[in-house]
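My notes follow in the order I took them.

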Amino acid sequence: MRYAQGGGLTDSGRAARKRVRLQAVERFEDGQRNREIAAALRVTERSVERWRRQWRERGEAGVLSKGSPGRPRLSDVQIARLARELERGPLIHGWADQRWTLARIKTLIGRLFHVSYTVEGTWLLLKRQGWFWQQPARRAIERDDAAVEGLEEGDLAAGKSTAAACDGWIVFEDEAGQSMTPPRARSWGRRGCTPVVRVRGRGSGRVSMAGLTCYKPGKRSRMFYSVREYRGRKGEPKGIGWRDLRDLLVRAHIQLGSPIVLVWDNLRMHLAEPLREFIAAHADWLTVFQLPSYTPDLNPQEGVWSLVKRDIGNLAAADLGQITRAVKRKLKMLQYRPEVVNGCLAGTGLALDA
């Protein structure tokens, strides 16, 4: 039988154990003795005796049963307290970084309950309680969690009511950029030999993007975008400006054919005086709400940028135009996949049903 790294049986090990017990049941029915069965199956006589007793009491189902899991070393109250302490994070308990490892959790159990666990036992305990090894999400320390928790009852709720009253769309806006150096993506490589991605070290330039994800109950989700290249030439705009945002909003309004309730962050460009004047002059179809500070995870357009960056991972671009074409191709593809745009909204945890 084979065992997993954490100490438990693998799928192949469980199958082998089941076959051995089924063979034992067949030999019980044939009237063979325990010593003969133990020698044939290469197990101990004590195991055969236990299986025979279970077979007499419950039949084949009793032999295949896993048996009693044993008495847990921590009570339900202690396990609930351990979960609360783990959710508080390692910093609270004296570690310098914010990584929970099996060794640290083992130490924490000893501190709290004076119970000694092995690393393998800690792994099994966490697995039974629904914890598993995963990559954490990053959030800014400056984030106001109270404002985020009240978002559904605050600005977003008001935005949903406004959109429903005017039969409009709720639109999320955000900007992103990509230089000649592509984002690093995972790749297969020989063990002990880190793969190397060769990119151009020379050259300058940047591709700036602005996007709108548009939602309305009962309607197919939409997405609009604007892309601008910056090659370092004299007098050339370095990125997306307020005029680009204005034109993008006008284009979205024309194609949607309905009022827009715009939701975006507190970027300085969003507070520019010309843009504020434009919003005030078009209050008949444009209403603006702002997200709390340091909350990019609440903007579904961030999910779109994540998909775009993943598509160009490890791209060895020959020039800036190749990056621009790759970005536009991915954005154009997403425009025809409203289910992906809906998934970006679901990833934020926000509900826009009126």
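**Largest cavity.** I started with the largest cavity and got a volume of about 50 Å³. The model is a predicted one. I counted two cavities of 30 Å³ or more.

Which residues line the largest cavity? I listed Ile 79, Leu 82, Ala 83, Leu 86, Leu 125, Leu 126, Gln 129 and Trp 131. H5 and H7 are the elements that give two or more residues to this lining. H5 gives the most, with four residues. I sorted the cavity lining by class: seven nonpolar, one polar and no charged.

**Largest pocket.** Next I looked up the largest pocket. It holds about 1,200 Å³ of space. I found 27 residues in its lining, and the closest to the pocket centre are Pro 90, Gln 98, Arg 99, Trp 100 and Pro 136.

How does the pocket lining divide by class? I wrote down 15 nonpolar, six polar and six charged residues.

**H12 against H14.** I then turned to helix packing. H12 covers residues 300-311 and H14 covers residues 338-348. Their axes lie 8 Å apart, at an angle of about 120°. Why do I call H12 and H14 oblique to each other? Angles of 65 to 115 degrees count as roughly perpendicular, and those over 145 as roughly antiparallel. The angle of about 120° falls between these ranges, so the pair is oblique. The crossing of H12 past H14 is right-handed.

I listed the contact residues. From H12 come Pro 300, Gly 303, Val 304 and Leu 307. They meet Val 340, Cys 344, Leu 345 and Thr 348 of H14.

**H2 against H3.** My last entry is on H2 (residues 34-41) and H3 (residues 45-58). I noted an angle of about 115° and axes 9 Å apart. The H2 and H3 crossing is right-handed. On the H2 side I listed Asn 34, Arg 35, Ile 37 and Ala 38. On the H3 side the partners are Glu 45, Val 48, Glu 49 and Arg 52. This contact has four charged residues, along with three nonpolar and one polar.

Technical notes. Residues are numbered from 1 along each chain as its sequence is written. This is a predicted model: local features need pLDDT of at least 70, side-chain atom pairs count only at pLDDT 80 or more; totals for chains, interfaces and linings use all residues. Side-chain values use heavy atoms; hydrogens and water are left out. On a 1 Å grid over the protein atoms alone, a cavity is a set of points where a 1.4 Å probe fits but cannot get out, and a pocket is an open set with protein on both sides within 12 Å along at least five of seven lines; lining residues have an atom within 4 Å of a point. Grid points are joined across faces, edges and corners, and a volume is the space filled by probe spheres set on the points. Ala, Val, Leu, Ile, Met, Phe, Trp, Tyr, Cys and Pro count as nonpolar, Asp, Glu, Lys and Arg as charged, and the others, Gly among them, as polar. Axes are lines fitted to C-alpha atoms, for helices over the stretch in contact, and angles run from 0 to 180 degrees between N-to-C directions. Angles under 35 degrees count as roughly parallel, over 145 as roughly antiparallel, 65 to 115 as roughly perpendicular and the rest as oblique. A crossing is left-handed if the near helix is turned anticlockwise from the far one by less than a right angle, and right-handed if clockwise. Contact means heavy atoms within 4.5 Å.
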